[in-house]
Every structure is written in structure tokens, then in C-alpha cells.
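Let's take a walk through a protein together. Keep the viewer open and turn the model as you read.

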Amino acid sequence: MSNPQRPSTPPSVPLTYTIASSTPHSGKYGPENIIVDKPQDQASRWSGAFQGNANQWIMLRLESLAVLKMITFGKFSKPHPCNMKELKVFVGMSEDHMTEVLHAGLKNDTIPETFPLKYVNNSGVDFPTQYVKIVPIIAHGQNFHISIWHVSMTGILDPTYVEKIRYTYDEFRETAVLRYVLKHLRQRRLLTPYQSILSRANIQLEHPLVTQLHESLVLQGNWSNSEKLLDSMSSSGLFNSHLNACQPRSVWTRLSGTDADGDIPPARGGHAMCMDPVNEMIYVFGGWNGEKSLDDFWVYSVKEDKWKVLSHSTTQEQNAPGARSCHKMVFDSKTGSIYLLGRLNDEDGLREPTPVPPRVQHGASGAPAGYQLPTTQQQQPGAPLAGSSSPDSTTKMFTSEFYRYHTRGVLAGKWDFLSIDTASSGGPPLIFDHQMAMDSDAQILYVFGGRVVDGDWDNFKYSGLYSYNVSTSKWKSLQQPLVDPLHGSQVIPSRFGHSMVLDPVSKTLYIFAGQREDKYLSDMYTYNLNTGVATEIFSNFTAAGGPDACFTQRAVIDPELKEIYVFCGLTRSPTTGPQNTLRAYLSNWVYRYDTRPGKWMQILRQPDRPPSELPLPRFAHQVVYNPSTKSVFLHGGNAGGAPVADGGRAAREADEEAIAVDSGDEGKDGPAAGTKERRLDDFWRMELKRPGPEEIIRQAKSQIRQQQFREMCEEEAPVKALNFLQTQVSSVVDHSNAKETEIFRSLLTHLLSPASMSSSSLHSRVSSSASMASGSSLSSSASSVEHEDSREVSNRPLKRSRAEREGSGVWTNELSEDDSPKFMGGGMQRLRDMTDPLEAVIRGEDGESLLTGARYSQRTEVFESILKFVEDGEKQPSESLLDLVERDRCRVDVF
């Protein structure tokens, strides 16, 4: 169903409003105070009558109907414990039907905060607003009354534009309701009123090919034409959405390209890697080779399958970073710049130092222009720079250096030393095993988590969430780490060795897994960049069907498919307890976030490939992703202490990053005596393969032919039906699938059954056969196919409310006809048993002379089971009017 075209957009203007209603307020702090902004007046606020998280709200009425776009919350002239910390905003054209458009948090400061409001529904249609409901959830101070100081709003007020939006939205709602009605009528065989509504309302229920399939399959019983229509539907892309949601299989290819001298980057783990997706260039820097930190810098051309060394030692280059591991790099596709932050090197107190030559100085003092080194760091010539002093130096300062590398323009190949210490300018302290993400459109870089490097390895300290504005060169703290991760609903517990990816479309960060102290985490949070709201998606994604709690896993995102690909490192499961383990194979997962809370699927391995032709299980590796080619690239890592012949398949306890964190001594959790951890230099490309449209067509044909066989059992000679089963049905069954095989064998019972069957028994057999889709490798989300109206024909006994016969004193489970409620007249089945006059026109003279209600119901079930493969926007609604009735009856008004 196509979306209406929006008219050209006038500018937003301030909106005036009045107070429509509110819950009780405290003392003189009434709701009318929020209309005027008086930040110096402590009495100019609304304050709820109840403390804590009570059910409180203010209802505002806009002076005129408008498209509401922004809301601003003013504040008192100084921080206040009553300040609202968390809130929700609902809007609607009436007070009785409202939609949530904002869930946000406010800081306890004096700066007003503005939030964009949702004004487009899930179908892409703009909606107008008359009423605004503000629901405060909690104050900054515990057990304080929540206060709102000032509210202002902006939106589109142009009468002509707003009237067009209102008209379009009303039309959308009318169309949505009629689509449910149309589905209901067609299910009940009321084809004449169905066609009348279609013609008079001029709406589209579904794609024309889907309509043709219904006529061919349900009304005409034209099996061959129905199968031909499946090919047309596939060619039109109606199955693409379902195919993308199917469980994928990995296809790994080892990349063997070298540089001009036949070299490749040496083996390493804990390195940094990023990708230029436009030019298909992959950059690798630093890492740990098991003996020392590295400072070589490489680039790989995907198109040419060639490596090129950009620098054998960046330590010797001007403004460039020194040797390090556990750092992070991100690529800015808009400017072609690489940003590098964080480190763990040989001089930070965890490993024996490796002598390095003096760094090339940046300017006279080794600091960026305009920056004066602290007096404790002004060394004699030849001494290490700040942040690189020897471990026995009593004046060592752990400073967080920040670098940028140019890949384009006149500065291509040059480094910028952006900051000698990001913490001194409001950024993160020196950290390692953090994560970074780049919003190229907004030119903002985000950094979250990581363990702080300050020389104190006996205590765990973590960094929070920061943003860096490239245009202004300014850092901003978005969330500070919590001492108690259970305190506060808005703050994401900090961690290290986690994953973080950015969806640039929805402006959402996904943060999950990692380690906090000695615990591996299996939670997932989102952080909305527009509203600053953190939301817990999973407290335990393992229990939701995802991977075990993991550390140093890597993740990449495909915003178009709304998928996150996770490549596990070390894991801990309930069976292994605190022990770190490597899987017997590289464990990879897909997380689909197109719906909340989303769905986890494990990426299947290639069954026809020996382990020697697949990547070894590993940790401290790196992956990047090209969304244009749908290709993942994996490089290096630590394969643990297993011998080479074992392929790393033995479970073990090693992790260079975890060891450095947990003990400061590689020997504590390191490999057993006589073994040595193996760093890797291999380079792989992974592509995901999902079932093609031919698999959907096969399953759909199987369901069609099963129905054809069932009808042949009633009308044709048993020998003919049996031959059809053994040839035509068998040819579209996946006999390697146990469930499909079981259903196929169960079809033989139809040959032994009487030709005349009850409606309920027919329904039961069709439902069983149609459930094949859920048991195949294709359908990852569909459950057993059950007709949504099956409860209406259920023969389940109903309890009698009085004695079976007057004065008998006997109770029974049988419900006599006289006791039936007046509305239970069996009308639904009678409607299906009656032939609609329009059927003769559709079937034609050569069509079936009689289509029973039971058979109509069977074919409708098969038709709707095939619709599960069709994209949502191209088919009838998945829910029915009956579902909406049940939902309305059970609806609870939360606020």
C-alpha cells in the first residue's frame, strides 16, 4: 500500500497552548505556571502532589491543530532536587486516544533542553496534534515531588498545510480500518460486499498478484496457475523481506593478497581496523604480537586484493601515534579521515617495556600548537613524551592522546596530533578496550566505556559515554560511569571489551556484552542520540536465544537490513561458570532489530567445508563491514594455546586483554605449560547466504499440492491420489527435514479416511500440513500455521451454568442448544457454506459446480500460510478484526 505524498513543508513556529487538565498539584505550584518562563522564580513551576514514581500528568491543549515537532523544557536558575529526570510525552487529536512520541531524560542543570517529537506514524504518514500529555516519571532527588518549570513547543501551524495533513491522516485511518474489514469479509466468503467496498472506496488491500493467487487458489482451485503465480510474485520482489529475515549461512573466503614484496601484516591481536566503504580500503594499525606492542600501519585494497605498508613504524613519524594495542579507530566516510583513541602499551605497567626510539617531536614541546606541557612532563632531550614515560618513573602521567589520519586531499598520508590529553578538554581519560562509532553526517564521534589506564591495576575504573564534535573540536560528556550499575534507569553500566555500533538512520547506538570487573555481560542497551535516553533491550540476551555472555566479541551493523552481526570472542556460559572458553568453532550471530526487542539468530556454518578451510575460533580479533557489498572482513586475533593441529578447538582460558585486566600477569590465566598462545595473521571475507526465492516457491508449492492431494482423496480414485502423492507432492518436500518428512507421511491417512469430513477435522488436518513452513530451514520466525479464526469452530465443551434438566441436580460439560448465548448462532460457518453470487463470475462456466464451506476454509488457510512469505505492505493485515476486539477488551490505560 503506497503512502500518500506529503505537501511542501512550511516553517515551524512557536505554538500557544492552555492547560486542559492535570493530576493534583502540590500547594501553589499549579500547572498554569509552566506557560510562563521565569527561571529566577522558585514558585513558577508545576509540582505534583505525590512523591516518587506516581501516576501524574499534565494535559495541554494547543490553541490550534498543528503538526507538533519540538518540545522544550525550561529549568530553574540552579540545579534542584525536584527537577524532572525522566518523562514521556503523548499526543493526539483527542484526550481519549493518544500516542507516545517521546521518552526522554533531563539533566539536573540550568540549561533548557529541546527534543524532537515523533509526528510520522509507522506507515510514514504525518499526523496532527491537538492535545499534549506530559507524564513525569521520576525526579532527580529521591522522594521529592516532581517539578516542571516551563514548557514551550514549536510546530507547523499553517492552516492549509495542517488541514491537508489532517485529511490525509483521516484517510489513512479509514483505509486501515477498511483493510481489516475487507480481510474479514473475504474470510467469511462475503465476496459481493467485499468487491463493493473495494470499488467504492478505491483502496488497495494487497498486491494485484496476491489477489490473483486468492482467486486462482481459493475460488477456482486452479493448481497449476497458482504455482505459476508464485514465480511472478518472486520476480516482483514480494518475498524479499521474508528472505532477509531467514537464518543465514556463512560463506568464508581466505584472502591471500600481499604487498609488492610478498608481505602481509604480521600476526597480532588487540589491533585496530577500520574501512573506507566507498573506495573499499581497509586500514590496520598496531596490536600485540605476544612479545611487544606494534606500531606498523597497513592498508588493504579489496578491489586489487593487495596489501600496502603505509608505515613500518609510526613512532618515527611526525604527529603519529606510538606502539599500542587495545586501541580503537573509526573511519569518517564524509571526510576520509581516521580517528584513533586509547591504548595499552609496553610502558603502562602491565608488561615488560620494550625499548623504543624517541618520538619525533611535534613543534618545540612535543605537544599540539598552543598547548603547554605540565612542568612534571618537561623532560630532557631524548626522554619519552608524556604518556610514554618508563614504568619506573615517579612522574609518569597517563594522558589520553587523540590522533587523526588523512586518506584524501592535500593532507593525504599525514597525521594530526589533535590532543595530548582528551580528559583535560572534557573528553575521556586514557582507556583501552573501549568502543567508538562515527556519525559522518553529523560529524560527531562517540566513545563509550573502556578500562581506565592510571597505573592502579588493583581497582577497576571505567569510562563513560562521550561525544566529539569534529566541526568545533569539542568533547562532551553524555553519561558518566556508575559505581553501582543498578542505580538509575537512564545510565548504561560502563564496561570494557564490549561492542558498540551506530544506526545512522535512527540515530541509535547499540551497546552490549563485554566485561565489568570479573563478570562477563549478556545485556544490551540502546542510546538515542536525539533524546539522550538509554533503554535496556535485554538484561540477558542469552536467555532470549542469543549468544553466551562474551568478551572481546566484535560487531558490525547493516542499517538497511536492520541487522547487527556479532563475532564472539571469549564466552562464559552457565555450565562453565567463571571459566573463559573458546568455542570449538567461530561462533557468529545475527541480531535483527526491525522489531522490539529484536531477534537473535545464530549464523549457520558451511556443512561441506572442513575446519581447515574455515577461520579458527579466536578473540582479540577485528572485523569491518561493507554494507554496499554485504561483506564482512576478519583479521588476526588470538587463537589461544591449542596446538596448530588441533585447530584451536580445545576449550581454554586464555585472553591477552582479560589477563592484563584480571591479573596483570599472563601466567595466571595463560596457557598450560608447554603451550604458547598463537597470534594469527590470517585475513578472511565472509558473506551471508540466505535461502533464495526458489526455497519459498518450493515450500509454497508443497502446501498447494498437499491441498490438491487432500481434495483428490475425496474425489478421485485412491490409486490416482497415491500416485500424485508419491510423485508431485514428494518432489517438493525436503526429505532431509524431519518435520517435513513426518507431515508428508501423515498425508497417507487421507487415503484411509471417509470422503466426507466434518469442518473441524478438515481444519485440523490442514493446519497440521500448513505448519511445514515453521519446521523448514527457511522460516525462522513463523510458528505452526493456525487459522486465526480456528477458535470459532472449536468443539471444546463449554461449562453449563445450571443443571442439565430441571430438578436433576446433575451438572455436565455439555452445552445444549437451548443454553447457547443468543449471539452464538453458528453464523460464521453458515456464511462459508453459502455460495456468493460473485463466485460464479470468478470461477467461470468451467469452474467447480460446488465449493463447500469446509473446502473454502481449507483453501483460505493454505492461501494465508503462503502470505507469511509476502512483504507486509503488499498483503492483507496479519491481524484480524477478532484480534482487535480482544485487544480492545483487554486494554489498560497505563497513564
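In which loop is Asp433 found? Look between β20 (431-432) and β21 (435-439), and there is Asp433. Before going on, a word on what you're looking at: this is a predicted model, where local features need pLDDT of at least 70 and side-chain atom pairs count only at pLDDT 80 or more, while totals for chains, interfaces and linings use all residues. Residues are numbered from 1 along each chain as its sequence is written, and side-chain values use heavy atoms, with hydrogens and water left out.

The labels for helices and strands come from DSSP runs, numbered from the N terminus: helices are H or I runs of at least four residues, and strands are E runs of at least two. Back to Asp433: its phi is positive, about 55 degrees, although it is not a glycine. That's worth a second look, because most residues other than glycine have a negative phi, and most peptide bonds are trans. Is Asp433 buried or exposed? With a relative accessible area of 2%, Asp433 is buried; here buried means under 20% relative accessible area, exposed means over 50%, and partly exposed is in between (1.4 Å probe, protein chains only).

Now slide along to Gln443, in the loop between β21 and β22 (444-448). Gln443 has a positive phi too, near 55 degrees, and is not a glycine. Its relative accessible area is 9%, so Gln443 counts as buried.

Let's zoom out. The chain has 16 helices and 40 strands, and 52% of its 895 residues are buried. What about contacts, meaning heavy atoms within 4.5 Å? Among contacts between residues at least 6 apart in sequence, 66% join residues at least 24 apart.

Two strands pair if DSSP finds at least two bridges between them. Start with strand β13 (residues 281-288), where seven of the eight residues are buried. On one side, β13 pairs with strand β12 (residues 272-276) in the antiparallel sense over five bridges, and Met273 has Val284 in β13 as its bridge partner. β12 and β13 form a hairpin with four residues between them, and Glu280 in the turn has a positive phi of about 55 degrees. β13 also runs antiparallel to strand β14 (residues 293-301), joined by seven bridges. There, Gly287 has Leu294 in β14 as its bridge partner. β13 and β14 make a hairpin as well, again with four residues between them, and Gly290 in the turn has a positive phi of about 100 degrees.

How many of its eight residues are buried? Eight of the eight are, so β39 is largely enclosed by the rest of the structure. Five bridges join strand β38 (residues 622-626) to β39 in an antiparallel run, with Val624 opposite Phe633. This hairpin has four residues between its strands, and Lys630 in the turn has a positive phi of about 55 degrees. β39 also pairs with strand β40 (residues 679-689), antiparallel over seven bridges, where His635 has Phe683 as its bridge partner.

Next, an open sheet: its four strands come in the order β16-β17-β18-β19, with antiparallel pairing. The edge strands, each pairing on one side only, are β16 (328-332) and β19 (415-419). From one strand to the next, the twist averages 25 degrees, an angle between axes fitted to C-alpha atoms (for helices, over the stretch in contact), taken between N-to-C directions and running from 0 to 180 degrees. Strand β17 (residues 337-341) and strand β18 (residues 402-406) share five bridges, and Ile338 has Tyr405 in β18 as its bridge partner.

Gln316 is partly exposed, with a relative accessible area of 40%. Its C-alpha atom is 9.5 Å from that of Asp295, which is 21 residues apart from Gln316 along the chain.

Methods
Contact = heavy atoms within 4.5 Å.
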